[in-house]
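Please examine the model below with its sequence at hand. The questions that follow concern its strands and the surroundings of its ligand.

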Amino acid sequence: MTLDTVVIGAGPAGMTAALYAKRKGLTLALIADSVGGQMGTTGNIENYPGVEGILGKQLALKMHDQLKKLDLEITMDRVTGVERIGDRIRTTTGNGKIFDSRTAIIASGAHWREIGVPGEKEFANRGVSYCTTCDGPLFADTDVAVVGGANAAAESVLEMTRFATKIYMIVRSTLKADQILADRIMSNPKVTVLQGYDVVKITGTDFVEGIEIRSKAGEQKTLPVGGVFVEIGQDPNTAFLKGLVKTNEKGEIIIDEYCRTSVTGIYACGDVTDVPQKQVIVAAGEGAKAAMDVYTYLSKL
Ligand SMILES: Cc1cc2nc3c(=O)[nH]c(=O)nc-3n(C[C@H](O)[C@H](O)[C@H](O)COP(=O)(O)OP(=O)(O)OC[C@H]3O[C@@H](n4cnc5c(N)ncnc54)[C@H](O)[C@@H]3O)c2cc1C
């Protein structure tokens with residue numbers, strides 16, 4: 001059987017795309033190796049309209065429940081390949097399943113780069129954060145560290161100057177942010193930039209209490225901080241596409257305003273794309289857009 005569409009990924013982008021596709025009466029499969037994606041692993045989400053505060057996992061379960069009510073089950077599997085064969089798209093999974101469809105929606109999200117030091121995983125959501133926009137306000141009147149030296153880290157530092165008491169910016173080599181951002185950081189009395197330092201360890205008991213850093217010369221120090229923001233970049237989950245669609249220099253799938261990729265019939269939405277705002281609400285909105293345009297595209301065929 002050839003499906004109308006296959007949705008890859010069950011984060012907010014994929015689950016919203018599936019919701020819209022199902023409600024349009026399309027035949028589809030929703031394939032994912034986790035329910036909720038990054039959203040499912042976050043702590044409290046406080047910036048999703050209509051929901052004042054909800055654990056990411058709970059929001060993911062609510063989206064999943066909504067799909068179940070429409071008789072849509074998620075195929076829990078890892079997608080290993082997507083290829084175009086004539087006018088069909090073939091999706092292959094790790095468990096050896098094959099899905100043929102007329103369109104596909106890639107919503108496989110991204111993963112944040114980790115520093116890979118002791119304490120990082122242990123204190124995730126307990127002082128270690130990968131998203132300043134999401135978690136910044138939780139660190140009001142606290143001393144924090146931001147790890148990273150490019151624009152994302154610089155923006156994180158500047159955002160934290162609104163909440164935190166003191167911000168240590170820990171840069172492995174030298175500050176590589178745009179000059180205008182670097183100037184703002186350097187002139188802000190709340191910020192101390194420490195260049196040429198590696199993070200050794202994140203410490204604490206129940207919550208983060210400090211970060212240990214070491215200079216290239218071997219000088220080691222512990223900074224007493226209540227929060228650590230890791231801002232060293234994000235990698236999109238696109239390995240299974242094996243270069244099928246066009247990507248930008250960050251490996252993100254390039255899409256147009258209808259979420260169309262460079263390959264006809266293949267759409268993408270959410271954090272896997274070159275849309276710069278990586279947020280639940282944006283991913284969900286893009287998922288809706290993708291499914292709506294899939295419907296329009298199929299109607300015209
Ligand atoms: C720690 C943290 C805190 C955050 N806090 C907030 C917040 O408070 N508010 C906010 O708006 N945003 C927050 N974000 C950002 C938000 O979580 C993401 O922008 C959003 O989840 C992106 O949705 P997505 O559906 O595009 O991708 P994801 O959520 O990454 O979902 C991707 C999906 O694809 C699946 N997948 C990937 N590869 C494959 C494969 N090969 N085969 C099968 N399935 C695959 C995954 O299992 C998952 O189901 C946070 C992110 C992090 C990491």
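**Strand pairing and the ligand shell**

Q: In strand 2, which residue is the bridge partner of valine 6?

A: This is a predicted model. Strand 1 (residues 2-10) and strand 2 (residues 28-35) run parallel and are joined by 5 bridges. In strand 2, valine 6 has as its bridge partner alanine 29.

Q: What is the handedness of the β-α-β crossover from strand 1 to strand 2?

A: Between strand 1 and strand 2 the chain passes through helix 1 (residues 12-23). A crossover is called right-handed if the path over the helix runs clockwise with the strands pointing away from the viewer. This β-α-β crossover is right-handed.

Q: How much of the area that the ligand exposes when taken alone does the protein bury?

A: An oxygen atom of the ligand lies 2.9 Å from a polar backbone atom of alanine 10. A backbone N or O atom of alanine 13 is likewise 2.9 Å from an oxygen atom of the ligand, and for valine 280 the distance is 2.9 Å. Taken alone, the ligand exposes 1,000 Å², and of this area the protein buries 95%.

Q: How many residues of the shell around the ligand are charged?

A: The ligand has 33 residues around it, and among those that come nearest are Asp33 and Trp112. The shell divides into 15 nonpolar and 13 polar residues, and the number of charged residues is 5.

Notes:
Residues numbered from 1 in each chain as written. Predicted model: local features only at pLDDT ≥ 70, side-chain atom pairs only at ≥ 80, totals over all residues. Heavy atoms only, no water. Pairing = 2+ DSSP bridges. Helix = DSSP H or I, 4+ residues; strand = E, 2+ residues; numbered from the N terminus. Near = heavy atom within 4 Å. Polar contact = N/O pair within 3.5 Å; in protein donor to acceptor, adjacent residues only side chain to side chain. Areas by Shrake-Rupley, 256 points an atom, 1.4 Å probe, with all protein chains shown as cover. Nonpolar A, V, L, I, M, F, W, Y, C, P; charged D, E, K, R; others polar.
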